[in-house]
Amino acid sequence: MKITVVGTGYVGLVAGTCLADLGNEVICVDVDKDKISKLNKGIIPIFEPGLKDLLDRNVREKRLFFTTDIKKGVQESLVIFIAVGTPEGKDNKADLKYVWQVAADIGKYMNEYKVIVDKSTVPVGTADKVKKLIRENQKKAIDFDIVSNPEFLREGEAIGDFTFPDRIVIGVESKRAEEVMTQIYKGITRSGKPLIVTDIKSSELIKYASNAMLATRISFMNEIANLCEKVGADVKKVAYGIGLDSRIGPRFLQAGIGYGGSCFPKDVQALIKTGEENNSGFKILDAVEEVNEQQKLSIIPKIKKLLPELKNKTIAVWGLAFKPKTDDMREAPSIILINELNKAGAKIQAFDPEAENTAKKIFSHVKNLSYANTPYDALKNADVLVIATEWNVFRDLDKEKMKNLLKHPNIIDGRNVYEPEEMRKLGFNYIGVGR
Ligand SMILES: NC(=O)c1ccc[n+]([C@@H]2O[C@H](COP(=O)([O-])OP(=O)(O)OC[C@H]3O[C@@H](n4cnc5c(N)ncnc54)[C@H](O)[C@@H]3O)[C@@H](O)[C@H]2O)c1
């Protein structure tokens, strides 16, 4: 099948590459000339494990192409996926300006029947507006179908998640579009993965409800962790105990310093706004959001417990990305942490295996921040180590060496990477989350 994917970010690039790998001929379109020029040279603009090999193979076998020419993308394919960003707008609603732009372009250049697939995360009702915009921009009336096909991949696991998903959701309003979508995903559903067909609005809402539920679990566990700290319980044991209940399950029960990323914060906000606009309150999500903001800041008093005065102190920060296995720092808790440390006059020595380049753009205003080449280098003469992202590389490092490099053996473990008893036995002043 001939497919165009508009937007070659974390989702569009993975979706386009994986769809090509399923045997389709895929054109990836982006307005970012630099990104497309890099991709045409085989340079991947993001860090995503496994993506480079898959992309190279499909380019080599002439199933995957990159262009800034949206007209070509629209006219040469039967199916057009919209995978542009839908960031949080000023009013906390999803900012849909990129989606509107693509819809207008699709209308303008449409030459025959097309299936337009919304893969971006968009508020319920967006497909109707996309449809209207396409019609308004058509030079002559041409038939088309709209489909909602939200994406559930996780950065860092994106290839596996796209090709081996828990489920594929498609919201349709015509049999013709359903058949096209079923055909596209045949290579995935063959292995028994369910493809759920719903109406468009339910599909749009499934995506927001999923992310809001996951964010809720995180904030819930963070509040349990805060209680654990007060009463002397261990949140890891509590999480294990409740996770064995089959009605609850073990995943997304890790306490930490709050969720970040390109999805949860903005999607929770957008769903709250959708509720407001429809006179349907979201008291739970208001609290989820508030708890998360508090949790991101909770690390500062913990640092101050060990170092009451931060001015001129050296703080090692391990992990800048919002989670491991990505270079994405959108809404990362490390941003609040580093800004607060900077305000307090501390010197920061940071290490992240992949996010350093992203960080340099975000922290260009922070003068007292340097980047270390290894986790150990970041510890040299530091008064405290703060762990903000649980990269696997941090788990089994040489603890004696860590202790010797630090000026004082202080660790604030914002991701519960280590075991408190073991660390205390080794002579560290160790503070985790909820333990
Ligand atoms: N990142 C994730 O983990 C993830 C997971 C599931 C769903 N989503 C959703 O998928 C969507 C895309 O997210 P992302 O993280 O890939 O975003 P991103 O910011 O990484 O990429 C978006 C891309 O769209 C391009 N773009 C913007 N306007 C364009 C236009 N008019 N024509 C062509 N290209 C255009 C941008 O240049 C950019 O390269 C969002 O709605 C997001 O909520 C993201």
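Predicted model: local features only at pLDDT ≥ 70, side-chain atom pairs only at ≥ 80, totals over all residues.
Mentor: Residues are numbered from 1 along each chain as its sequence is written, and side-chain values use heavy atoms, with hydrogens and water left out.

Trainee: Why is helix 13 called roughly parallel to helix 14?
Mentor: Angles under 35 degrees count as roughly parallel. Helix 13 (residues 283-297) and helix 14 (residues 299-306) pack at about 25°. That makes helix 13 roughly parallel to helix 14. Their axes, lines fitted to C-alpha atoms over the stretch in contact, are 4 Å apart.

Trainee: Which residues make the contact of helix 13 and helix 14?
Mentor: Contact means heavy atoms within 4.5 Å. Helix 13 brings Gln295, Lys296 and Leu297. Helix 14 brings Ile299, Ile300 and Pro301.

Trainee: How many residues of domain 1 are in contact with domain 2?
Mentor: 17 residues of domain 1 are in contact with 13 residues of domain 2. Domain 1 is 2-198 and domain 2 is 207-295. Those bounds come from an automatic or database domain assignment. The C-alpha centres of the two domains lie 29 Å apart.

Trainee: What makes a space a cavity, and what makes it a pocket?
Mentor: Both are sets of points on a 1 Å grid over the protein atoms alone. In a cavity, a 1.4 Å probe fits but cannot get out. A pocket is an open set with protein on both sides within 12 Å along at least five of seven lines. Lining residues have an atom within 4 Å of a point.

Trainee: How many cavities of 30 Å³ or more does the count come to?
Mentor: Two. A volume is the space filled by probe spheres set on the points.

Trainee: What lines the second largest cavity?
Mentor: Its lining includes Asp118, Ser120, Glu204 and Tyr208. Helix 10 (residues 200-231) gives the most, with three residues.

Trainee: Which domains supply the lining of the second largest pocket?
Mentor: Domain 1 and domain 2 each give at least three residues. The pocket has a volume of about 280 Å³. Of its 14 lining residues, Lys93, Pro123, Val124, Lys129 and Glu277 are the closest to its centre. Helix 12 gives the most to this lining, with four residues.

Technical notes:
Helix = DSSP H or I, 4+ residues; strand = E, 2+ residues; numbered from the N terminus. Axes fitted to C-alpha atoms, helices over the stretch in contact; angles between N-to-C directions. Parallel < 35°, antiparallel > 145°, perpendicular 65-115°, else oblique.
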